[in-house]
Amino acid sequence: SIVNVVGSTIARESDDVLYTWAGPEIAVATTKAFSTQLAVVYLIGLYCADLLGTLDRANYDAILAELQRIPDKLQEILENREDIQYFASLYFNRPSMFFIGRNTDYAVALEGALKMKEISYIHAESYAAGELKHGTISLIEDGTLVVALGTYARLFDKAMSNVVEVKSRGADVLGLTVASRAADMAKTVDHVIPVPDTHPVLLPVLDVVPMQLFAYYVALQRGCDIDKPRN
């Protein structure tokens with residue numbers, strides 16, 4: 001088991017335990033627990049890949065070295081949090097939000113929508129961007145906020161084509177991508193949140209932080225008690 005609280009029920013019932021040591025979890029919407037769990041899963045994945053011989057040594061070393069740089073890159077995101085706070089001030093009064101992405105971006109979009117629901121009580125849903133036309137697109141109207149993630153390089157152009165689709169139906173689009181693609185994304189979306197470039201495998205651990213911060217600042221704007229979410 002991968003757990004944070006020493007001596008918890010899961011830890012006691014497990015044969016082996018990996019503790020994340022993230023510190024006290026004040027609320028159910030704890031974000032540090034998410035990040036530390038993800039880091040541990042990465043390490044387990046690397047270890048298994050090494051044992052099975054499914055990852056060559058050069059890639060193994062590159063990913064591990066980049067993982068060690070993640071704290072500095074997270075700090076860089078936190079130092080630019082005023083931009084995220086500004087975007088929250090623009091969009092906190094929207095009745096619903098949609099988060100879209102492809103591949104790993106879709107997984108991060110799920111976490112972004114979850115945090116938005118948990119602490120701001122705004123209706124928020126996440127969709128795989130490639131499935132927008134199967135009913136979801138009919139919910140887009142003037143003023144709908146769409147948070148579009150486009151960090152996965154191989155599908156960036158397709159992700160931007162989805163942005164064009166929602167923009168043509170009146171949506172406001174807040175985009176998230178890596179710094180090296182921020183200028184390209186800015187041509188299509190209304191606002192861009194950049195994250196530092198890293199190894200593609202590790203992008204989710206950076207991408208998720210702006211999504212969590214966005215939910216946090218939206219909740220603050222709405223006067224919600226973030227440390228004690230309702231229900």
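The model is predicted: local features need pLDDT of at least 70, side-chain atom pairs count only at pLDDT 80 or more, and totals for chains, interfaces and linings use all residues. Residues are numbered from 1 along each chain as its sequence is written, and side-chain values use heavy atoms, with hydrogens and water left out. Helices (H or I, at least four residues) and strands (E, at least two) are DSSP runs numbered from the N terminus.

**Largest pocket**

- The largest pocket has a volume of about 610 Å³. A pocket is an open set of points on a 1 Å grid over the protein atoms alone, where a 1.4 Å probe fits, with protein on both sides within 12 Å along at least five of seven lines. Grid points are joined across faces, edges and corners, and a volume is the space filled by probe spheres set on the points.
- The largest pocket is lined by 25 residues, and A29, T30, T31, K32 and Q212 are the closest to its centre. Lining residues have an atom within 4 Å of a point.
- Four helices each give at least two residues to this lining: α2 (32-52), α3 (57-79), α5 (104-120) and α8 (203-221).
- The lining of the largest pocket holds 16 nonpolar, five polar and four charged residues. Ala, Val, Leu, Ile, Met, Phe, Trp, Tyr, Cys and Pro count as nonpolar, Asp, Glu, Lys and Arg as charged, and the others, Gly among them, as polar.

**Second largest pocket**

- The second largest pocket has a volume of about 170 Å³.
- Its lining consists of E76, I77, N80, D83, I84, F87, A179, V192, I193, P194, V195 and P196.
- β7 gives the largest share, four residues.
- By class, the lining of the second largest pocket has nine nonpolar, one polar and two charged residues.

**α3 against α8**

- The axes of α3 and α8 come within 10 Å and cross at roughly 25 degrees. Axes are lines fitted to C-alpha atoms, for helices over the stretch in contact, and angles run from 0 to 180 degrees between N-to-C directions.
- α3 and α8 are therefore roughly parallel. Angles under 35 degrees count as roughly parallel, over 145 as roughly antiparallel, 65 to 115 as roughly perpendicular and the rest as oblique.
- I70, K73, L74, I77 and L78 of α3 meet V205, L206, V209, P210 and L213 of α8. Contact means heavy atoms within 4.5 Å.
- The residues of this contact are nine nonpolar, no polar and one charged.

**α2 against α8**

- α2 and α8 pack at about 170 degrees, with axes 10 Å apart. That angle makes α2 roughly antiparallel to α8.
- F34, S35, L38 and Y42 in α2 meet L203, P204, V205, V208 and Q212 in α8. By class, the contact has seven nonpolar, two polar and no charged residues.

**α4 against α8**

- The axes of α4 and α8 come within 8 Å and cross at roughly 50 degrees. The two helices are therefore oblique to each other.
- R81, I84, Q85, F87, A88, S89 and Y91 of α4 make the contact with P210, L213, F214, Y217, V218 and Q221 of α8. The contact of α4 with α8 divides into nine nonpolar, three polar and one charged residues.
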